Amino acid sequence: MMYAAIMGYGTIGSGVAEILESSRERIAESAGEEIRLKYVLDLREFPDSPVADRVIHDFKVIEEDEQVGLVVETMGGLNPSYPFVKACLNAGKHVITSNKALVAAHGTELLQIARKKKVNFFFEASVGGGIPIIRNLYRCLMGEEIQEITGILNGTTNYILTKMDREGASFETVLKEAQDLGYAERNPEADVEGHDTCRKIAILAAMATGREVNYEDIYTEGITGITDMDFRYAKRMGTSVKLLGTSRIVGDKVYARVAPVMIGMDHPLYGVSGVYNGILVKSDMLGTSMYYGSGAGKLPTASAVVADMIEAAQNKDRNVPLGWEKEPQMLENIDSGECCYFVRVEGEISEYEERVRELFGQVETFVLEGADEFGFLTKSIREGDFKKLAIAFDAVPQKEGREGIRQMIRVEFA
């Protein structure tokens with residue numbers, strides 16, 4: 001029998017406890033032995049819960065109990081999760097976490113400790129919630145050379161963008177609705193500014209390259225600037241706007257980015273809507289594969305945690321090779337990346353068409369009835385070159401009161 005402890009009895013932690021109880025026999029059969037929950041660490045009391053008799057408030061109880069071989073961290077954040085997880089690994093205990101902030105900030109160090117102590121640090125639930133992506137990368141695709149990982153990695157932003165697309169509502173209106181429904185936090189900055197997606201793509205990029213990827217080095221742009229007008233153009237173009245986290249590996253160069261992107265109907269991620277997540281992986285032999293499902297939620301995320309617990313029990317005396325090494329992975333400057341760009345300009349197309357074509361070459365133009373602006377789609381060009389052209393366009397004086405370029409969104413077709 002393997003004894004386990006859960007640190008943090010919130011949504012995910014309580015889900016893990018529920019699955020351990022409801023699926024006890026199936027888990028024991030898969031793990032090779034029963035996994036029994038011994039402690040639940042939390043600041044609160046839970047007198048009416050099924051784990052009331054196992055709630056403790058002192059971390060040292062878990063750290064010093066030699067019976068506990070498996071610890072689940074579902075507290076979130078970095079403090080006290082980081083020192084607690086580090087102490088558990090140093091004490092020779094396997095650790096499972098759903099905490100992307102912890103993995104993105106301290107994953108390299110924690111993986112090193114786990115290897116040294118011959119235990120495991122697993123984090124399947126930290127990226128895609130219930131979607132099995134980490135295990136697929138180090139098991140199912142272990143013989144592949146990963147060329148690209150692109151994903152819709154945040155359910156909150158995907159819900160907001162889907163509602164804006166389908167209903168023509170404004171960002172502010174849909175955000176409030178998402179908050180009222182519990183899909184978005186009262187302070188939604190981590191989601192809508194792209195920080196959550198950034199940490200997740202950093203973890204996936206590290207898995208793909210085998211080197212440490214610093215999430216702070218990844219260009220990150222959120223969805224707060226996306227408007228209902230952008231979706232009117234997107235419909236006209238046969239596209240939709242998604243917040244994508246992308247890591248591309250081209251030879252010895254690695255590109256990483258988080259940004260809203262217009263994608264066409266033939267793109268595999270086009271149909272990923274609502275609170276669902278989707279992750280696209282391109283590799284040299286398999287080609288393109290897709291992983292789709294619930295990227296959050298109590299039981300979906302807890303199921304990924306429990307799967308990691310089973311694998312830890314199956315390998316209780318050995319470290320499973322996965323993750324990345326300490327060597328840092330340098331990322332290419334975003335200006336060297338290349339794609340198409342959709343641009344919105346205030347004013348009549350007849351006034352600017354000559355200048356647009358002079359600077360950007362052959363473009364496809366779009367005019368919406370009743371709009372005081374027009375849009376155009378460029379050919380594929382380097383981002384640095386696009387920025388220079390955009391500056392040159394705006395450098396020419398506009399008519400009084402006009403702002404020139406109103407919006408720029410990257411565009412990708414499958």
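**View 1. A nonpolar patch on the surface of the predicted model is formed by Leu181, Tyr183, Val275, Tyr276, Met290 and Tyr292.** Together these residues have about 550 Å² of accessible area. Met290 belongs to strand β13, residues 287-294. Its relative accessible area is 31%, so Met290 counts as partly exposed.

**View 2. The largest pocket has a volume of about 1100 Å³.** Its lining takes in 40 residues. Nearest the centre lie Ile12, Lys100, Glu185, Asp196 and Ala296. Elements that give two or more residues to this lining include α1 (11-22), α8 (155-167), β12 (276-283) and α13 (298-314). The largest share, four residues, comes from α11. By class, the lining has 13 nonpolar, 19 polar and eight charged residues.

**View 3. The second largest pocket holds about 510 Å³ of space.** It is lined by 26 residues. Closest to the centre are Glu148, Arg248, Arg257, Glu338 and Glu412. Strands β7 (146-152), β10 (239-250), β11 (253-264), β12, β15 (338-346) and β19 (405-412) each supply at least two lining residues. The lining divides into 11 nonpolar, seven polar and eight charged residues.

**View 4. The structure holds one cavity of 30 Å³ or more.** The volume of the largest cavity is about 50 Å³. Val103, Ala104, Gly107 and Thr108 are among its lining residues, as are Ala202, Ile203, Ala206, Glu212, Val213 and Trp324. Helices α5 (100-117) and α11 (195-209) each supply at least two residues of this lining. The largest share, four residues, comes from α5. Seven lining residues are nonpolar, two are polar and one is charged.

Note on methods
Residues numbered from 1 in each chain as written. Predicted model: local features only at pLDDT ≥ 70, side-chain atom pairs only at ≥ 80, totals over all residues. Heavy atoms only, no water. 1 Å grid on protein atoms, 1.4 Å probe; cavity = no way out; pocket = protein on both sides within 12 Å on 5 of 7 lines; lining within 4 Å. Points joined across faces, edges and corners; volume = space filled by probe spheres on them. Nonpolar A, V, L, I, M, F, W, Y, C, P; charged D, E, K, R; others polar. Patch = residues over 30% accessible without salt bridge, like charges linked within 9 Å, V, L, I, M, F, W, Y side chains within 5 Å. Areas by Shrake-Rupley, 256 points an atom, 1.4 Å probe, with all protein chains shown as cover. Salt bridge = Lys/Arg side-chain N within 4 Å of Asp/Glu carboxyl O. Buried < 20%, exposed > 50% of the residue type's maximum accessible area, 1.4 Å probe, protein only.
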